[in-house]
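Here is a short report for someone meeting this structure for the first time. Look at the sequence and the model, then read on.

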Amino acid sequence: MEFIMSCLSVGDSGNLSIGGCDVAGLAEQYGTPAYIMDEDKIRENCRVYNRAMEEYYNGNGIVLYASKALSCKYIYRIMKEENMGIDVVSGGELYTALSAFFPAEKIYFHGNNKTADELKMALESGVGRIVVDNIFELETLEELAEKLDRTVDIMFRIKPGIDAHTHSFIRTGQIDSKFGVALETGEAEEIVVKADSMERINVVGVHCHIGSQIFELEPFELAAEKMMNFIADIKEKYGIELSELNLGGGYGIKYTENDSPINYDKYIQAVSKVVTGISEARGIKLPYIVMEPGRSITAETGITVYRVGAVKEIPGVRTYISVDGGMGDNPRYILYESEYEALRVNSPADAKTMTATIAGKCCESGDILIKDAKLPAIKPGDLIAVLATGAYNYSMASNYNRIPRPPIVMVSGGESRLAVKRESYDDIIANDL
């Protein structure tokens, strides 16, 4: 049987297996719900990107793991070992990375509303780049750099005016976005020129990110074209040489059989032709290239395993399968109506004779994981695995209804280990006074 995730198989027991580990056995050992991830597949994905950077840019660049997809100390240790950089978007992500002894010089700090305390932490820890979002942040950063007697390397987040074909909540490159400064209005040009005059600020490059879960090459090619021409225009008009170009991430992954993602190295190859072509045509130096995959590194390496409680059939209407998790550990359906596939852990290859909605245990009608899932017959006590949950599940999880967050279990070479412990009720009340 073929699955949408390459790290899944049917084991000798007839149960679903991930990374050589029996999923039913892992559920017994670690409890449910639980996030289970294939560490070897995560590392393989990192290497795909690093090889593509070497092949298409002659190693003149760096691949950053976009850690908002999944942030914990274990994942940062993997990224360090795989020679990746990372981007962070909050003080909490930065603190976690530094706590895992990730090298600060390979950290890029993003975000549209960084606080003064967060910027101070970034300056004091010596992060490699701060990606500045707006004029207020630039001025705040200049003041802090003066007080701390530092010079800071920055990039600017640019809105290139690209409307990617994805959900409106995860489109970010168009002019109507809370992120960045716009090309169309001249705002981007003005802020680069202003920053260039600041004594404590060193503008090294520009950044764009047009959105997430994108399946077409054209938006990335168009974004690269606009950014390269902007770099050339700035040099031509003001003599300011921007030596780095961060093209973001956003590459789509396979959540269901209906998704048709492009191989990640093909994105990089296609964009490299645009970058190289404009570099030659406009007579500018080929910039140091930065990219930021997140979802495409971890999403298809992870599943979430639940135990079924009630199975409720409403004749002529719908059958609900209730599980011991829900929107607290995966809020993506209630946010975006995101689609997933699920498997019964026991004999997953059995014929799918049942159509049912997998519902969570939170006190919300919208607490749904999958609407109208196709499954083999399900009864109370069965285990269900929801696929491709390795990104934006744990990182977006909450304690709604005071439900503890699940653990993260990493598997590698047929062995398993905890990466993040299951929360306890004591953890939930730890900050209560």
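In its unreviewed entry, UniProt places the feature "modified residue: N6-(pyridoxal phosphate)lysine" at Lys-68. The model shown here is predicted. Lys-68 sits in the loop between β5 (61-66) and α3 (73-81). Its relative accessibility is 36%, so Lys-68 counts as partly exposed. Leaving aside neighbours within four places in sequence, Lys-68 is in contact with Val-89, Glu-93, Tyr-392 and Ser-395.

UniProt also lists Cys-363, again in an unreviewed entry, under "active site". Cys-363 belongs to the loop between β17 (354-359) and β18 (368-375). Is Cys-363 buried or exposed? Cys-363 has a relative accessible area of 66%. The cut-off for exposed is over 50%, so Cys-363 is exposed. Apart from neighbours within four places in sequence, Cys-363 is in contact with Tyr-400 and Asn-401.

**The whole chain**

The protein chain has 12 helices and 21 strands. How does its radius of gyration fit a globule? A compact globule of 433 residues would have a radius of gyration near 22 Å. The protein chain has 23 Å, which agrees. Along the principal axes, the C-alpha atoms fill a box of roughly 70 × 50 × 40 Å.

Of the 433 residues, 55% count as buried. Contacts with a separation of 6 or more were also examined: residues 24 or more positions apart account for 69% of them. The accessible surface of the protein chain comes to about 18500 Å². Carbon and sulfur atoms hold 47% of that surface. The chain carries 44 positive and 64 negative charges.

Ile-278 lies in helix α9 (residues 264-282). With 11% relative accessibility, Ile-278 counts as buried. Which residues does Ile-278 touch, not counting those up to four places away in sequence? They are Glu-225, Met-228, Asn-229 and Gly-283. Ile-278 and Glu-341 are 63 residues apart along the chain. Their C-alpha atoms are separated by 42 Å.

Leu-335 is part of helix α11 (residues 332-336). At 39% relative accessibility, Leu-335 counts as partly exposed. In sequence, Leu-335 and Gly-366 are 31 residues apart. In space, they are 9.7 Å apart, C-alpha to C-alpha.

**Backbone details**

The peptide bond from Thr-32 to Pro-33 is cis. Its omega is near -10°. Pro-33 is found in the loop between α1 (23-30) and β4 (34-38).

Asn-58 is not a glycine, yet its phi is positive, at about 55°. Asn-58 lies in the loop between α2 (39-57) and β5. Asp-149 is also a residue other than glycine, and its phi is near 55°, a positive value. Asp-149 is located in the loop between α6 (135-148) and β9 (152-159).

The table lists the accessibility of residues discussed above.

| Residue | Relative accessibility | Class |
|---|---|---|
| Ile-278 | 11% | buried |
| Lys-68 | 36% | partly exposed |
| Leu-335 | 39% | partly exposed |
| Asp-149 | 55% | exposed |
| Cys-363 | 66% | exposed |
| Asn-58 | 67% | exposed |

Notes. Residues numbered from 1 in each chain as written. Predicted model: local features only at pLDDT ≥ 70, side-chain atom pairs only at ≥ 80, totals over all residues. Heavy atoms only, no water. Helix = DSSP H or I, 4+ residues; strand = E, 2+ residues; numbered from the N terminus. Rg over C-alpha atoms; globule rule 2.2 N^0.38 Å. Buried < 20%, exposed > 50% of the residue type's maximum accessible area, 1.4 Å probe, protein only. Contact = heavy atoms within 4.5 Å. Areas by Shrake-Rupley, 256 points an atom, 1.4 Å probe, with all protein chains shown as cover. Lys, Arg positive; Asp, Glu negative; His and termini not counted. Charge placed at Lys NZ, Arg CZ, Asp CG, Glu CD. UniProt positions renumbered as here; feature names shortened; annotations may be inferred.
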